[in-house]
Each structure stands twice: as structure tokens, then as C-alpha cells.
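Hi,

Here is the structure I promised to pass on. Have a look at it first, and then read on for my notes.

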Amino acid sequence: MSAGVRILLADDQAMVRAGLAMVLGSEDGFRVVAQCEDGAGVLPAVRVHRPDLVLLDARMPRVDGPEATRRLRAEPGAPPVLALTTFHDDEVLWAALDAGAAGFVLEDSPAEVLVDAVRVVAAGGAWLDPRVLPRVLERARGRPAAGAGRALLSRLTPREADVLRLVCRGTNNAEIAVALRMGERTVKSHVSAVLAKLGARDRAAAIVAAHDAGLGG
């Protein structure tokens with residue numbers, strides 16, 4: 001990622017977009033490079049502006065957040081998606097997770113939480129709001145594929161398992177490199193191997209797979 005974080009916003013409410021742009025634009029190192037009023041404009045805007053992160057509302061008309069995320073994840077080299085959700089909107093939460101969102105932040109979160117979430121996800125990490133995390137884990141534990149998940153985890157090397165445990169704690173590659181005393185490039189290699197072995201499209205999916213198999217929780 002180049003110096004600074006280039007952000008694309010997608011929300012159907014103009015006032016909400018303006019508020020998000022003001023909060024993020026006032027943060028050192030952040031720059032809002034494009035805004036979309038629905039999910040249909042996200043992929044074309046990403047191709048033009050090449051943001052480091054897409055922050056989108058999960059509920060939008062015509063093309064909603066999960067569908068926009070799904071289209072984006074099919075694009076090679078696409079930036080990670082941080083989804084804005086409400087506390088009780090489980091339907092959209094699960095849909096965004098399954099579509100490949102790398103993080104979720106609740107719409108009533110303080111500005112500093114939003115800023116932290118953007119930094120973590122833009123750096124390659126995953127972010128799950130602590131108020132949502134228990135339900136995400138409960139859902140993962142309730143899935144019948146726990147045995148299959150454990151079989152997948154058994155394919156990991158001990159070092160890859162260490163990396164996955166730290167990914168489950170929301171740490172980014174630089175933090176993992178410090179914790180495990182290895183180079184960041186090596187961390188990226190381990191993360192790629194973990195995703196491939198788990199069949200996970202991104203870190204959020206890997207976290208669910210890990211908890212599904214009983215790792216980290």
C-alpha cells in the first residue's frame with residue numbers, strides 16, 4: 001500500500017456520505033478519492049480510482065452492499081471491503097461476510113473506531129465490531145462442518161497455525177511480523193498459504209473457518 005490510505009465510499013444517503021467523508025478526510029493519511037450512491041457504481045469506480053479500501057453501506061437500493069462486495073471480490077487485485085451495518089441486521093451481516101467483506105463496523109460506532117477499522121482493514125487485517133463478534137462466533141460454532149473445518153486446519157504447519165491465531169485476533173501483517181519475529185514478506189506468504197489451505201477467499205473467511213474448527217476460541 002502506498003503512503004496514505006485511499007478510500008472509496010458507497011452509501012445511498014448523501015448526508016451520510018458527507019459525514020463519513022468529513023470524518024475520514026480529516027484524518028492524517030486518509031483521502032476519500034471517490035463516492036458512490038449505490039453498489040452498482042462501486043466496481044467501475046474502483047477500476048478508475050484504485051482505492052486501498054472500499055467502505056460501503058450494507059443496505060443500498062438496486063445493488064446492495066453484499067452484492068457489490070461479491071462483484072468486487074471477483075475482480076483481481078480488488079481492495080478489501082469494510083461494511084457498515086446496524087447491530088440487529090443479521091441477514092445483511094451474514095450476507096456481507098459470505099460475500100467476502102474483510103470487516104464490519106456498526107453505524108453508531110464512534111469516529112475513532114471507524115478510523116481504527118479503516119486502518120486495520122486497509123493494512124490487510126480483518127475487523128469485527130466487538131458487539132457483533134459473539135454472534136459471528138456463535139454462528140460459526142453452530143455450523144455442522146466443524147469436523148471438516150478441523151480436517152482443514154490439520155493441513156496447516158505449526159507456523160501457519162500461529163499466524164492464523166493472530167489473524168483471528170485482528171492483527172495485520174506488520175503486527176504479526178513483530179509478534180512472531182519474522183519478515184512481513186514471510187507473513188504474507190504464510191497468510192496466502194493459510195487462505196489457500198482453508199479455501200478461504202480472505203481473512204474474514206479464514207477467521208470464521210478457524211473458529212468453526214475450534215481454533216482461537
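The lining of the largest pocket has 11 nonpolar, 5 polar and 7 charged residues (Ala, Val, Leu, Ile, Met, Phe, Trp, Tyr, Cys and Pro count as nonpolar, Asp, Glu, Lys and Arg as charged, and the others, Gly among them, as polar). Before going further: this is a predicted model, where local features need pLDDT of at least 70 and side-chain atom pairs count only at pLDDT 80 or more, while totals for chains, interfaces and linings use all residues. Residues are numbered from 1 along each chain as its sequence is written, and side-chain values use heavy atoms, with hydrogens and water left out.

Back to the pocket. A pocket here is an open set of points on a 1 Å grid over the protein atoms alone, where a 1.4 Å probe fits, with protein on both sides within 12 Å along at least five of seven lines; lining residues have an atom within 4 Å of a point. The largest one has a volume of about 600 Å³ (the space filled by probe spheres set on the points, which are joined across faces, edges and corners). Of its 23 lining residues, Val 121, Ala 122, Ala 123, Gly 124 and Asn 173 lie nearest the centre. Helix H10 (184–198) gives the most to the lining, with 5 residues (helices are DSSP runs of H or I, at least four residues, and strands are runs of E, at least two, numbered from the N terminus).

Asn 173 sits in helix H9 (residues 173–180) and is buried, at a relative accessible area of 8% (buried means under 20%, exposed over 50%, partly exposed in between, with a 1.4 Å probe and protein chains only). Beyond residues up to four places away in sequence, Asn 173 touches Ala 123, Glu 184, Val 187, Lys 188, Val 191 and Arg 203 (contact means heavy atoms within 4.5 Å).

His 190 belongs to H10 and also counts as buried, at 17%. Leaving aside neighbours within four places in sequence, its contacts are Arg 159, Glu 160, Val 163 and Met 182.

Now for helix H1: which of its residues are buried? They are Arg 17, Leu 20, Ala 21 and Leu 24. Seen down the axis of H1, the buried residues fall within an arc of 100 degrees, so they line one face of the helix (the arc is that of the directions from the axis to the C-beta atoms). The face turned away from that side carries the exposed Met 15 and Met 22.

Cheers
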